[in-house]
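Subject: Structure handover and findings

Hello,

Here is the structure for your files. Please open it alongside this email, as the notes refer to it throughout.

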Amino acid sequence: MKPKIKIPLKLKLFLPVSLIIIIVVVLSTTIIINKSISGFNDQIKSTLQLEVKTISKMFERESILKLDKVQSNLKVAHELFYQEKLTVLDDSVRMSVENQETGEKSDVYLKKWIRGNEILNDSNDFVDKLETIIGGTITVFQKSDSGFVRISTNVRKPDSTRAIGTFIPNESPVIQSILAGKTYYGRAIVVDKWYTTAYEPIIINGETAGMLYVGDKEKDLSELKEILNSLHIGNSGFPFVFDKNGLILIHPYLEGQTWPECSFYDQVKGKKEGVIDYEHKGKNKTVAFLYFDKFEVYIAATIDKDVENHDMVHDSIKGAVLVAALSIFLLLIFIYRFTTEKLYKYFNALQISNKKLASAESALKRSEQLANMGQISAGIAHELNNPLGVITMYSNIVMDELKPDDPLRDDMQIIVTQAERCKNIVGGLLNFARKNKLKVVEIDIVEFVRSSLNSVVIPDNIKTSIKSELHDPYVMIDSEQMLQAFTNIEKNAVEAMPDGGLLEFFVTGNAKEVEIKIKDSGCGIEAENMDKLFTPFFTTKEIGKGTGLGLPLVYGIIKMHKGKIAVESNTDKEKAPTGTTFKITLPRIN
Ligand code: ADP
Ligand code: MG
């Protein structure tokens with residue numbers, strides 16, 4: 001029965017429950033991923049914006065440091081410049097000059113400036129000496145009609161000649177500030193490079209006659225570049241920097257180039273900050289940007305949305321699969337251990353109790369049947385007992401009166417023997433009907449079993465053995481009646497082993513009862529006969545040999561002792577060795 005219920009029941013529970021778990025996990029993963037994707041795009045934007053802000057902070061700090069440096073450089077330059085007296089010669093000299101922004105050339109007339117012994121218009125000694133002290137760029141400007149002209153400078157043109165004669169036009173904010181008598185700090189194009197700069201007016205006779213300039217080359221962003229180039233955003237993102245003219249200053253692979261026409265730069269130009277989505281070579285990109293006005297550059301950060309989404313989905317699925325697999329595994333173990341195991345046990349217990357119920361029912365039926373039979377048998381036996389007594393008595397009298405050689409004597413002998421046999425049968429019936437009273441005494445049961453074997457003829461080819469595990473062998477029984485019961489069982493066993501075999505006794509027990517197993521290695525009892533064993537007159541033996549009253553007698557005697565009797569038997573040689581075991585349980589006290 002066990003394997004029949006075991007597999008289908010477990011599978012029945014196992015499969016649907018694991019299927020439900022898988023479905024639930026797959027559904028929830030899909031929902032979570034879908035939700036995450038929409039949230040993820042917002043997250044990408046805010047991450048990029050945060051990145052851009054962080055980088056601008058770095059730039060801010062850098063610009064403050066630069067400005068500090070330039071301020072102190074200007075102080076040094078100022079001190080040194082005014083250590084010598086500055087005088088202006090009366091006569092003017094013509095000078096060919098060039099507008100640094102337009103490249104336009106013209107002639108201007110300038111007066112010569114003398115500082116100590118040095119004619120500034122013809123010498124660069126002061127600026128070169130200053131350069132060795134403070135570094136960077138230094139220029140002395142002289143005011144002209146068109147703008148402020150470099151008369152002494154260490155600033156070089158692209159052809160590496162000194163930028164003397166180039167001028168900053170009057171429209172420039174630097175000049176506006178200087179003409180208003182203010183020092184100008186900030187950034188400026190010096191010839192063609194951006195510098196963090198400081199300009200201070202040179203006042204002669206109460207009028208702004210020129211300006212003193214110091215500058216620190218600013219677009220040397222090498223340090224920032226290094227930091228920025230090492231920054232990664234997600235799996236596909238990076239920061240980059242370009243100036244307001246579209247010249248790319250920091251970028252992993254476009255540095256030095258200018259944004260082409262119709263690129264995202266068109267959407268950025270002129271704006272202070274923002275986030276835009278745009279397509280580039282079939283890729284969906286998001287860019288956050290911010291204009292950093294002190295350096296006049298755009299700080300930007302970009303990310304490839306598809307890559308990030310794909311990676312995110314990939315990662316989520318991987319994670320979900322792992323979690324799902326793990327939880328399925330754990331849940332299945334849980335289900336297996338606590339659900340199926342329990343249910344299986346429950347069903348098993350149910351089956352066992354059903355079986356017990358059925359066997360109790362059949363036992364009840366049988367004992368009812370046997371009880372009825374007992375009543376009838378007792379009645380018949382009682383009625384037969386007296387006439388049988390009369391037959392026996394009179395046939396014996398007749399026998400006595402017959403001469404020894406009388407031919408009737410043999411016939412008479414048959415009547416006497418058969419009458420005796422009838423009396424035995426009737427006695428057996430009376431025993432079965434429990435009409436006899438018990439006379440119990442304390443008996444060593446193991447000893448009793450041993451001596452019972454003496455009352456039975458046991459052929460040499462049958463070996464007997466008695467094994468006892470009893471600590472206390474004493475039981476209250478009616479030994480005379482119990483002997484009948486045991487000898488009947490033993491006789492049956494011997495009769496079932498015509499070719500010899502084993503007759504074994506196992507005695508066990510506890511404080512309340514003892515159990516005696518009587519096991520033979522005989523032919524066994526057919527399954528269909530098992531229910532009829534204790535019914536009077538059931539026999540498989542030929543007429544004259546078996547009466548079918550042995551086991552009913554045994555049953556009656558055991559019942560009188562308030563004991564139990566059970567039989568197990570096997571007739572199938574293929575399955576196990578054949579044989580029959582009777583199990584008798586007797587209460588120690590009845
Ligand atoms: P009888 O021995 O007169 O046939 P029993 O009541 O003693 O009557 O036994 C009834 C039947 O039960 C027997 O005929 C036999 O078929 C079967 N039987 C009893 N004990 C055994 C046994 N140990 N091995 C095989 N069959 C048995
Ligand atoms: Mg018998």
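Below are the notes, grouped by region.

This is a predicted model: local features need pLDDT of at least 70, side-chain atom pairs count only at pLDDT 80 or more, and totals for chains, interfaces and linings use all residues. Residues are numbered from 1 along each chain as its sequence is written, chains are lettered from A and ligands numbered from 1 in the order in which they are written, and side-chain values use heavy atoms, with hydrogens and water left out.

**The five-stranded sheet**

Start with the open sheet of five strands. Its order is S16-S18-S19-S21-S20, and the pairing is mixed. Strands here are DSSP runs of E with at least two residues, helices are runs of H or I with at least four, and both are numbered from the N terminus. Two strands pair if DSSP finds at least two bridges between them. The edges are strand S16 (462-468) and strand S20 (564-570), each pairing on one side only. On average, neighbouring strands of this sheet are turned by 15 degrees against each other, direction ignored.

Strand S19 (residues 513-520) and strand S21 (residues 579-587) run antiparallel, joined by eight bridges. Within that pairing, Glu 513 faces Pro 587 in S21.

Helix H8 (residues 445-452) packs on the sheet. H8 touches S16, strand S18 (501-509), S19 and S21, where contact means heavy atoms within 4.5 Å. The direction of H8 makes about 175 degrees with that of S16. Axes are lines fitted to C-alpha atoms, for helices over the stretch in contact, and angles run from 0 to 180 degrees between N-to-C directions.

Helix H10 (residues 550-560) lies across S20 and S21, at about 145 degrees to S20. H10 is mostly covered, with 10 of its 11 residues buried. Buried means under 20% relative accessible area, exposed means over 50%, and partly exposed is in between (1.4 Å probe, protein chains only). Among the buried residues of H10 are Leu 551, Val 554, Tyr 555 and Met 560. Just after H10, Lys 562 takes a positive phi of about 55 degrees.

**Strand S4 and its partners**

Six of the seven residues of strand S4 (residues 137-143) are buried, so S4 is largely enclosed by the rest of the structure. S4 pairs in the antiparallel sense with strand S9 (residues 207-217), over six bridges. There, Thr 137 has Gly 215 as its bridge partner. S4 also pairs in the antiparallel sense with strand S5 (residues 147-153), over five bridges. Lys 143 stands opposite Phe 148 in S5. A hairpin of three residues joins S4 to S5.

**Salt bridges**

How many salt bridges does a search of the whole structure find? The count is 13. The criterion is a side-chain nitrogen of Lys or Arg within 4 Å of a carboxyl oxygen of Asp or Glu.

- Asp 216 and Lys 69 form one, with the closest N and O atoms 3.3 Å apart. Asp 216 lies in strand S9 and Lys 69 in helix H1, so the pair ties together parts that are 147 residues apart in sequence. Asp 216 counts as buried at 10% relative accessibility. Lys 69 counts as partly exposed at 39%.
- Lys 112 and Asp 122 form another, with the closest N and O atoms also 3.3 Å apart. Lys 112 is in strand S2 (residues 105-115), while Asp 122 is in the loop between strand S3 (118-119) and helix H2 (125-134). Asp 122 is exposed, at 52%.
- Arg 588 and Asp 472 meet at 3.5 Å, N to O. This pair links distant parts of the chain, 116 residues apart: Arg 588 follows S21, and Asp 472 sits in the loop between S16 and strand S17 (474-477). Arg 588 is buried at 9% relative accessibility, and Asp 472 is partly exposed at 37%.

Lys 45, Asp 277 and Lys 305 are joined into one network by salt bridges that share partners.

**Loop residue**

Gln 83 is in the loop between helix H1 (2-81) and strand S1 (86-99). Gln 83 counts as exposed, at 60% relative accessibility. Gln 83 and Gly 116 are 33 residues apart in sequence and 8.8 Å apart in space, C-alpha to C-alpha.

Best wishes
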